[in-house]
Structures are given as C-alpha cells and as structure tokens.
Amino acid sequence: RRVLVVNGPNLDLLGRREPGIYGHDTLADLVERCRRTAADLGLEVDARQSNHEGVLIDAVHEAMTDHGGVIINPGGYTHTSVALRDALAALPVPVVEVHLSNVHAREAFRSHSYVSPVVTAVIAGAGVTGYDLALRFLAERIVRQA
Ligand code: DQA
C-alpha cells in the first residue's frame with residue numbers, strides 16, 4: 001500500500017516556475033497534498049525529486065521491491081530519456097505518468113513521450129489534481145492485486 005511519487009527536473013521550482021503553465025503550488029505543497037490524498041485512500045507516499053537522470057533511475061529502481069505502484073512526472077526527461085523508460089519498463093507494478101500541463105497543447109516536441117508506451121496510464125493537463133487522480137487509480141489497482 002506504499003506508492004512512490006517521483007518528480008523530475010525543474011519540478012523543485014514549482015510555484016516559481018512559469019506559474020501560468022504549472023500553477024502556484026510549490027513542490028512541498030504538492031507532496032503534502034499527495035500525502036493527504038493517499039492517507040484518505042489508505043496509501044502511504046514516498047516522495048523523490050531530482051534534476052539528475054541517473055538519480056531518478058535509482059529512485060525508480062526502489063519500486064522493484066518496495067512499492068505497490070509509481071507516479072512519475074519525468075519533466076523534460078519525458079521527451080528525451082530512453083534510460084528512464086527502460087527503468088520504468090522493468091517495474092512489476094502499475095505506473096502512472098503525470099504532467100501538470102497538457103503536453104499535447106504546447107510545443108510539438110512535448111507531444112512525444114518515451115515513457116508513455118511502457119506505463120499503465122497517462123494523465124496530462126489536470127494540474128496538481130492529476131496526482132490525486134493517479135493515487136485514486138493506484139488505490140484501486142493495488143487493492144485488486146492484493
Ligand atoms: C511537464 C511537461 C514537460 O514537457 C516539461 O518539460 C516539464 C513539466 C508537466 O508537468 O507539465 O518539466 O512534465
């Protein structure tokens with residue numbers, strides 16, 4: 001019943017970074033919100049953020065053994081990282097890819113995700129609510145697996 005929430009590069013700047021696109025909540029606000037939503041669903045959250053590709057991959061590896069599901073916003077690595085995709089493809093648990101913004105309504109390069117083909121579900125454009133939706137999905141999935 002433990003879920004890993006991974007946020008990638010530049011998401012440490014949430015609240016200050018292009019707030020018109022990414023909103024005013026900080027990363028700390030987002031993590032706190034995830035913890036509260038998770039608690040309501042009977043889940044626990046482990047939260048990780050890094051600006052470094054290899055550190056994110058190490059974080060994903062934790063879920064090989066320690067978590068029932070993963071929520072990941074890979075930030076810019078969504079559009080570039082084969083290595084992160086391979087790490088996610090290795091996981092035996094459901095994975096939800098979340099983007100705060102609607103990546104399909106922005107620059108063309110954001111429409112392609114290396115990650116989407118290997119994850120269970122994708123949520124984009126719902127802002128921080130997307131993390132709540134992902135937790136709700138995982139709560140149902142994890143119950144079903146148990
Ligand atoms: C993002 C969208 C990406 O294209 C961008 O590089 C980000 C954030 C989002 O949450 O909307 O860093 O993943």
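Me: What span from first C-alpha to last does helix α2 (residues 27-40) reach?

Reply: The model is a predicted one. Helix α2 has 14 residues, and at 1.5 Å a residue the expected span is 20 Å. The span in the model is close to that expectation, reaching 20 Å.

Me: Which residues of α2 are buried, and why do they line one face of the helix?

Reply: Seen down the axis of α2, the buried residues fall within an arc of 100°, so they line one face of the helix. The residues concerned are Leu30, Cys34, Thr37 and Ala38.

Me: Which exposed residues does the face of α2 turned away from its buried side carry?

Reply: The buried side of α2 holds Leu30, Cys34, Thr37 and Ala38. The face turned away from that side carries the exposed residues Ala28, Ala39 and Asp40.

Me: Which residue just after α2 takes a positive phi?

Reply: Helix α2 covers residues 27-40. Just after α2, a phi of about 75° is taken by Gly42.

Me: What covers the buried residues of helix α3 (residues 53-62)?

Reply: The buried residues of α3 are Leu56, Ala59 and Val60. Seen down the axis of α3, they fall within an arc of 100°, so they line one face of the helix. What covers them includes β1 (2-7), β2 (44-49), β3 and α4.

Me: Where does UniProt place the feature "binding site"?

Reply: The annotation comes from an unreviewed UniProt entry. The annotated residues are spread over 38 residues of sequence and also in space, up to 23.8 Å between C-alpha atoms. UniProt places the feature at Asn73, His79, Asp86, Leu100, Ser101 and Arg110.

Me: Is His79 buried, exposed or partly exposed?

Reply: His79 is in the loop between β3 (69-73) and α4 (82-89). Leaving out residues up to four places away in sequence, His79 touches Phe109, Arg110, His112 and Ser113. Because His79 has 16 other C-beta atoms within 10 Å, the residue is partly exposed.

Me: Is Leu100 buried or exposed?

Reply: Leu100 sits in the loop between β4 (95-99) and β5 (121-124). Not counting residues up to four places away in sequence, Leu100 touches Tyr22, Gly23, Gly127, Val128 and Gly130. There are 24 other C-beta atoms within 10 Å of Leu100, and burial takes 20 or more, so Leu100 is buried.

Me: How many residues of the shell around the ligand are charged?

Reply: The ligand is surrounded by Asn10, Asn73, Gly75, Gly76, Thr78, His99, Leu100, Ser101, Val103 and Arg110. This shell divides into two nonpolar residues, seven polar and, as for charged, one.

Me: What is phi of Asn10, and how exposed is the residue?

Reply: Asn10 is found in the loop between β1 and α1 (19-22). Most residues other than glycine have a negative phi. Phi of Asn10 is positive, near 75°. With 14 other C-beta atoms within 10 Å, Asn10 is partly exposed.

Me: Is Glu18 buried or exposed, and what is the value of phi there?

Reply: Glu18 lies in the loop between β1 and α1. Because Glu18 has 11 other C-beta atoms within 10 Å, the residue is exposed. Glu18 is a residue other than glycine with a positive phi, near 35°.

How values were computed
Residues numbered from 1 in each chain as written. Predicted model: local features only at pLDDT ≥ 70, side-chain atom pairs only at ≥ 80, totals over all residues. UniProt positions renumbered as here; feature names shortened; annotations may be inferred. Helix = DSSP H or I, 4+ residues; strand = E, 2+ residues; numbered from the N terminus. Buried ≥ 20, exposed ≤ 12 C-beta atoms within 10 Å, placed from the backbone. Contact = placed C-beta atoms within 7 Å. Expected span 1.5 Å × (residues − 1). Arc of directions from axis to C-beta. Near = placed C-beta within 6 Å. Nonpolar A, V, L, I, M, F, W, Y, C, P; charged D, E, K, R; others polar.
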